[in-house]
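Hi,

Have a look at it first, then read on.

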Amino acid sequence: MHLYKGDKMKHAETTKKGKIRTAITIILVIILLGCLVYLGILFYMSCQNENIYSDLYEDIIEYEKNVGESENGINGYIKKVGELQQENPDVKGWIKIEDTKINYPLLQGTDNNYYLENSYKKEKSKYGSIFINAKSDIKNENANVIIYGHDMKDGQMFKDLLKYEDKDFYETHQKIRIMTEEAEEEYEIIYIFKSRVFYKDEQNVFRYYNYFSFENENQYNEYIENCKKIQLYDTGKTANYGEKLITLITCEYSSENRKNGNSCKKSIIVNLKFE
């Protein structure tokens, strides 16, 4: 069967369109498979991070089930901190907030980079660890102990700190527990605010992250007053000179902050005082 010139052109055009559709379909399938692989990797990493802590939780629950919540002042968390320190001396304690996922060992390295991307087992992890600023001293009674953790999309690490933007959540979660190998301490939340890391040439700004200890009452009061000025809402609480402080920090990746990329543009800060 012979094709006329016009028919040949139509056939060629149809064939070309078919090839284009096939190419587009293949590209879309590749993109879809890539997305599925990426989501699969994220899911695997999420489960992996949860699993490295699940055994710790089981040990703590089992201990407290067998001997009670406290024996000679030692509960399951205190015991577990002591055990973990035998494996990794960088373990300094444990932090727990009821009804949240914040229930993790506290690490402290020689710098503030290592535990951004390593677990308490010293294994590479994008989840990192909950860690204490290298300049802070958790056992110094005249300190402001600064603690960091990632804001992870799946709710792990310090993600739940963002819930304190809602005063209703604060009202039912005003206490935070910190355990070391020696004792358990309970801290009361006094201020919640948002801020950021300031450039060196910026003046008349509150660099909350530079307060690790207080040389005198004036410096302590200066810190407290600055926190009070920028708090998200009034908790009705404050601290007085001599009371030990803890500052919890995580990045806040709101839609507004994401406009400029994934870097941490703003943090939410929760201030605590030792009861």
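By salt bridge I mean a side-chain nitrogen of Lys or Arg within 4 Å of a carboxyl oxygen of Asp or Glu. With that cut-off, a search of the whole structure turns up 17 salt bridges.

Before the details, two notes on the source. This is a predicted model, where local features need pLDDT of at least 70 and side-chain atom pairs count only at pLDDT 80 or more, while totals for chains, interfaces and linings use all residues. Residues are numbered from 1 along each chain as its sequence is written, and side-chain values use heavy atoms, with hydrogens and water left out.

Now some of the salt bridges. K80 pairs with E83, with the closest N and O atoms 3.0 Å apart. Both sit in helix α2 (residues 76-87), three residues apart, or about one turn of the helix. Helices here are DSSP runs of H or I with at least four residues, strands are runs of E with at least two, and numbering starts from the N terminus. K80 counts as buried at 7% relative accessibility, whereas E83 is partly exposed at 30%. (Buried is under 20% relative accessible area, exposed is over 50%, and partly exposed is in between, using a 1.4 Å probe and protein chains only.)

K175 and E188 form another salt bridge, the closest N and O atoms being 3.9 Å apart. This pair links distant parts of the chain: K175 is in strand β5 (residues 175-179) and E188 in strand β6, 13 residues apart. K175 is partly exposed at 33%, but E188 is buried at 10%.

What does the side chain of N103 make a polar contact with? The side chain of W94, at 2.8 Å. (A polar contact is a pair of N or O atoms within 3.5 Å; within protein, one must be able to donate a hydrogen and the other to accept it, and residues adjacent in sequence count only if both atoms are side-chain atoms.) N103 lies in strand β2 (residues 103-107) and is buried, at 11% relative accessibility.

Last one: R207, in the loop between β6 (184-195) and α4 (217-229). R207 is partly exposed, at 21%. A polar atom of the R207 side chain lies 2.6 Å from the backbone oxygen of Y199, and one lies 2.9 Å from the backbone oxygen of E202.

Cheers
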